[in-house]
Amino acid sequence: MPVHIKCFVISFLIFSTGFSQVEEITPPDYIKTIYFNGGTTESQLPIIPLGESLVLEFDALNGDEEDYYYEIKHYNFDWTPSILVESEYLDGFDEQRIRTYENSFNTLQTFSHYKLSIPNQFTKSIKLTGNYMITIYDDYDDIVFTRKFMVYQQQANVALQIKRSRDVATIAEKQSVDISITSSQIQFVNPKETIKTVVIQNNNLNTAITDLEPQYILGNELTYRYNDASSFLGGNEFFNFENKEIRAANNGVQYIRLDDLYQTYLYTNISRADLKYTYNPDINGNFFITALNADKPETEADYAWVHFALQYPKLDTGQTLHVYGNFNNYAIEPQTELRRETDDAIYSVAIRLKQGFYNYKYVIVDQDGHIDENTIGGSFWQTENDYKVLVYYRELGARYDKIIGLGETNSVGITN
């Protein structure tokens, strides 16, 4: 990659009160269905064991069959660039062209489907644990998009328990994550300085809780039992729809019509904040691509304009309403904004999406960019959510932050 592109990546560092100091770059509108995972059926934030494979897929809808290239960079716990050189964390080379791609077959929307697998003949392996970012760029050296991922090695046991909030004021709407970290391989020295944690709800880095200090240290066991610092609003189950049969109404779909592409109209949703909690199985914000009568959904699944609609009172000045989910990496974009149709209190937007099963919710964004995920959907302690905790360790004198453990659990067994 030319020097000016690398300089651009470094100059894109943004200091904020959130988790990340380097922000992911969202793709242009002709790049769709970025499917990034480490062996799961649905697309989600990749957190993979050291030595396991990583898969990135995406569609280019411009029909130009362009060449795309990739670069991988290592980052510190706080998403500032690490001081490691590439040969220390990669076996092989990056800055290579993505050589695996196919054109769509028998679809109204023409597109080229690109697939990158790591390891491959050029990038043979990722050698170190930690935070990484992959950058995709084109023949003109322009960055198309970036995505974060994490690599860990299980050197510590990370036990999690999901509890109801210990604060009476939020006991009906919050879930608290209790953490216990032990290791028989690493002797924790000065853990309040050398150990850092990231708590992630539903694979969404935007809402991650970072850098909790252990409250109790007993030998080589670290315990975190915060009243509020490690708690999340439970939210509500995600809305969902499925259009694997693109010519007929399916789960969540009210009706279909055909123009240049199929137009998929979903049932109008309503606010659930004042309703009682109702369990509705979901995949916690993720999505997966599927199509009936298709042997290869990656190239045979078609695109449709999916029409979202929400009945909701008029927003305050400066607020905007968006569809939110992992289908676009939880990004707030002009394409996801719902607009008020008339005076009938209906907000709507059409988004071009590939056939599949999708989870989504509606969020309100204030003028300052704050995302309110729960005013429309409500927040309930009973909500089923996925939780992950990553444990980072930088021993004295070390040059980078290792990820020494991953803990995973679900709130379905939440206790008081």
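This is a predicted model: local features need pLDDT of at least 70, side-chain atom pairs count only at pLDDT 80 or more; totals for chains, interfaces and linings use all residues.

Mentor: We'll start with the overall build, then the cores, then a few individual residues.

Trainee: OK. How many helices and strands are there in the protein?
Mentor: Four helices and 31 strands. Those are DSSP runs numbered from the N terminus: H or I of at least four residues for helices, E of at least two for strands.

Trainee: What's the radius of gyration?
Mentor: The protein has 22 Å, which agrees with the value near 22 Å that a compact globule of 416 residues would have. That radius is taken over C-alpha atoms, and the globule rule is 2.2 Å times the number of residues to the power 0.38. The C-alpha atoms fill a box of roughly 65 × 55 × 40 Å along the principal axes.

Trainee: And how much of the protein counts as buried?
Mentor: 55% of the 416 residues. Buried means under 20% relative accessible area, exposed over 50%, and partly exposed in between, with a 1.4 Å probe and protein chains only.

Trainee: Let's go inside. Which residues touch the most other members of the largest nonpolar core?
Mentor: Phe308, Leu321, Val323, Tyr360 and Tyr362, out of 32 residues in that core. Several strands give two or more residues to this core, including S24 (303–311), S25 (320–324) and S28 (356–365). By nonpolar core I mean a set of buried Ala, Val, Leu, Ile, Met, Phe, Trp, Tyr and Cys residues joined through side-chain atoms within 4.5 Å.

Trainee: What does Val323 contact?
Mentor: Setting aside neighbours within four places in sequence, its contacts include Phe308, Leu338, Ile351, Tyr360 and Tyr362. There's also a second, separate core of 28 residues, with Leu116, Ile136, Phe149 and Val151 among them.

Trainee: Switching topic: is Gln44 buried or exposed?
Mentor: Gln44 counts as buried because its relative accessibility is 12%. Gln44 sits in the loop between strand S1 (31–37) and strand S2 (47–49). Beyond four places in sequence, Gln44 touches Phe36, Asn37, Asn203, Asn286, Asn326 and Lys388.

Trainee: And where is Thr223?
Mentor: In strand S17, residues 221–224. Thr223 is buried too, at 11% relative accessible area, and its contacts beyond four places in sequence are Ile179, Pro214, Gln215 and Tyr216.

Trainee: What about the backbone? Which peptide bond is cis, with omega near 15°?
Mentor: The one from Ile118 to Pro119. Pro119 is in the loop between strand S8 (112–118) and strand S9 (123–126). For context, most peptide bonds are trans, and most residues other than glycine have a negative phi.

Trainee: So which residue has a positive phi of about 50° although it is not a glycine?
Mentor: Glu95 does, in the loop between strand S5 (90–92) and strand S6 (96–97). Asn190 also has a positive phi, near 50°, and lies in the loop between strand S13 (174–182) and helix H3 (191–194). Glu95 is partly exposed at 25%, and Asn190 is partly exposed at 43%.

Conventions: Residues are numbered from 1 along each chain as its sequence is written. Side-chain values use heavy atoms; hydrogens and water are left out. Contact means heavy atoms within 4.5 Å.
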